[in-house]
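Me: Hi! Could you walk me through this structure? I'd like to start with the big picture and then look at some details.

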Amino acid sequence: MHGRRQLDPDRLGDHLDRLYRAAWGLCGSPDRAEDLVQETFARVLARPRFLRSEDDLGYLLRVLRNTFVSELRSASRRPRTELQAEEVDLVERRAALQPEAAAETRLVYSAIASLSGEFREVLVAVDVAGLSYKETARALELPEGTVMSRLFRARQQVIRALQHEQAAPQVSQSRS
């Protein structure tokens with residue numbers, strides 16, 4: 001076990017906010033993000049974890065991403081059910097405090113969630129979770145140059161999606 005250390009379960013809460021934002025970026029829903037972080041913590045706490053580096057957050061982001069991918073695979077094998085309108089909770093807890101900011105945040109996270117996996121993972125790691133390029137490369141097991149390239153393209157796609165979203169209401173208003 002030379003060069004390895006055990007992940008301290010008592011320190012997992014230190015990373016909760018960043019993991020939540022990363023999860024929201026991956027799945028596009030605040031409620032699903034909470035479930036994803038909870039499942040990630042359950043997996044990590046199920047048995048002792050030994051790390052080769054001091055990078056707890058990078059490790060946790062890998063587990064989060066792997067949990068997300070596993071859940072997507074499981075969901076694709078299950079039959080889909082339609083939700084009734086009354087079953088959907090349309091009110092976000094913090095939205096009442098700052099509705100414009102909440103709407104903007106939802107648009108950004110929705111744009112991030114619509115990216116393909118390879119772009120979404122890099123953008124979430126760097127821009128949402130705050131990892132450096134080097135930490136992201138290590139966490140996603142990619143060359144640093146690939147991280148920078150994918151990040152640039154992911155940001156461009158998010159900008160285009162947000163511009164498209166901003167232009168859409170103006171078009172519908174001008175028709176009114």
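Reply: Happy to. Buried residues make up 33% of the 176 residues in the chain; buried means under 20% relative accessible area, exposed over 50%, and partly exposed in between, with a 1.4 Å probe and protein chains only. This is a predicted model, where local features need pLDDT of at least 70 and side-chain atom pairs count only at pLDDT 80 or more, while totals for chains, interfaces and linings use all residues. Residues are numbered from 1 along each chain as its sequence is written, and side-chain values use heavy atoms, with hydrogens and water left out.

Me: Thanks! How many helices and strands are there in the chain?

Reply: The chain has 7 helices and 2 strands, and along the sequence the pattern reads β-α-α-β-α-α-α-α-α. Helices (H or I, at least four residues) and strands (E, at least two) are DSSP runs, numbered from the N terminus.

Me: What about the largest nonpolar core: which residues touch the most other members?

Reply: Those are Leu19, Leu61 and Leu64, in a core of 42 residues. A nonpolar core here is a set of buried Ala, Val, Leu, Ile, Met, Phe, Trp, Tyr and Cys residues joined through side-chain atoms within 4.5 Å.

Me: And which helices supply at least two residues of this core?

Reply: H1, H2 (30-45), H3 (56-77), H4, H5 (117-128), H6 (133-140) and H7 (144-175) each do.

Me: What does Leu64 touch?

Reply: Leaving out residues up to four places away in sequence, Leu64 touches Leu19, Ala22, Ala23, Leu26, Leu36, Val37 and Thr40. Contact means heavy atoms within 4.5 Å.

Me: Switching to aromatics, how many pairs does the count come to?

Reply: The count comes to 2 aromatic pairs. Rings of Phe, Tyr and Trp (its six-membered ring) pair if their centres lie within 6.5 Å; planes under 30 degrees apart count as stacked, over 60 as edge-to-face and the rest as tilted. The rings of Tyr20 and Trp24 have centres 6.0 Å apart and planes at 50°, so this pair is tilted. Both residues lie in helix H1 (residues 16-27), 4 residues apart, about one turn of the helix.

Me: Is Trp24 buried or exposed?

Reply: Trp24 is buried, with a relative accessible area of 5%. The rings of Trp24 and Tyr109 have centres 4.0 Å apart and planes at 0°, so that pair is stacked. This pair links distant parts of the chain, with Trp24 in H1 and Tyr109 in H4 (residues 99-113), 85 residues apart.

Me: What does Tyr109 meet over in H5?

Reply: Together with Ile112 and Ala113 in H4, Tyr109 is part of a set that meets Arg120, Leu123, Val124 and Val128 in H5. The axes of H4 and H5 come within 9 Å and cross at roughly 140°. That makes H4 oblique to H5: angles under 35 degrees count as roughly parallel, over 145 as roughly antiparallel, 65 to 115 as roughly perpendicular and the rest as oblique. Axes are lines fitted to C-alpha atoms, for helices over the stretch in contact, and angles run from 0 to 180 degrees between N-to-C directions.

Me: Last one: where is Glu141?

Reply: Glu141 is in the loop between H6 and H7. Its phi is near 55°, a positive value in a residue other than glycine. At 62% relative accessibility, Glu141 counts as exposed.
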